[in-house]
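Here is a briefing on aromatic contacts.

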Amino acid sequence: MAIKAVAFDLARVFIKVRNIELNPVEKSLSEVFDYMVGNQSYWDWAKEKTGLSKKELEKISWDTINKIYELREPDIFEKLPNLKFATASNHLSMIKDWLKLKGVYDKFYCHIISEDIRFMKPSREFYEILIKKLGEKPEDILFVDDKEENIEGAKRAGLKVLLYDGQKLLSESILEAINEN
């Protein structure tokens, strides 16, 4: 059994979140980019919280994403073996447009984004969709996240896991995890 695929969480794992001064609306919206997608959609919540239209909220959210996010390791795919890569994120689907803008969207075999699939980590359904889309056995997939509850959910689904703490380069941590399996 060998790792054939790596699934990345995005915010705080694949994507570095810059500590930048935000206005109150940007701050409020950004705090839940990857925490609120399920039953009460982000857009409904944001509209109620701010009184702004969805169009205004989309622009503010997009501008905030561009302001606070940066690729953690832009050359990561050159450092890792030729595997299937996936995004596995509780994020708004507009993050895929940001990945396209940064030139890495097509490096991924598939994208599992909560807003698109209507399930959030750590629900079993999220991981089942990830496994199905990757087309690999759960034990051949390395799931990388920074939240313990998501790691536990992935373990319950049979995935290999890496709790990423940002202390080393992401590529180094993944290579170590691959070599352990």
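Which ring does Lys 84 lie over? Lys 84 lies over the face of Tyr 109, 4.5 Å from the ring centre. The model is predicted, so local features need pLDDT of at least 70 and side-chain atom pairs pLDDT 80 or more, while totals for chains, interfaces and linings use all residues. Residues are numbered from 1 along each chain as its sequence is written, and side-chain values use heavy atoms, without hydrogens and water.

**Charges over rings**
- A charge sits over a ring if NZ of Lys or CZ of Arg is within 6 Å of the ring centre and within 35 degrees of the ring normal.
- Lys 100 places its charged end over the ring of Tyr 105, 4.7 Å from the centre.

**Aromatic pairs**
- Rings of Phe, Tyr and Trp (its six-membered ring) pair if their centres lie within 6.5 Å; planes under 30 degrees apart are stacked, over 60 edge-to-face, the rest tilted.
- The count by this rule is 14 aromatic pairs.
- One of them is Tyr 42 with Trp 43, edge-to-face at 4.8 Å centre to centre and 85° between the planes.
- Phe 77 and Phe 108 also pair edge-to-face, at 5.4 Å centre to centre and 90° between the planes.
- Phe 77 is in helix α4 (residues 76–79) and Phe 108 in the loop between α5 (95–101) and β5 (110–113), so this pair ties together parts 31 residues apart in sequence.
- Helices (H or I, at least four residues) and strands (E, at least two) are DSSP runs, numbered from the N terminus.
- One aromatic cluster comprises Phe 33, Tyr 42, Trp 43, Trp 45, Tyr 69 and Trp 98.

**Burial**
- Buried means under 20% relative accessible area, exposed over 50%, partly exposed in between (1.4 Å probe, protein chains only).
- Tyr 42 has 2% relative accessibility, so Tyr 42 counts as buried.
- Trp 43 is buried too, at 9%.
- Phe 77 and Phe 108 are both buried.
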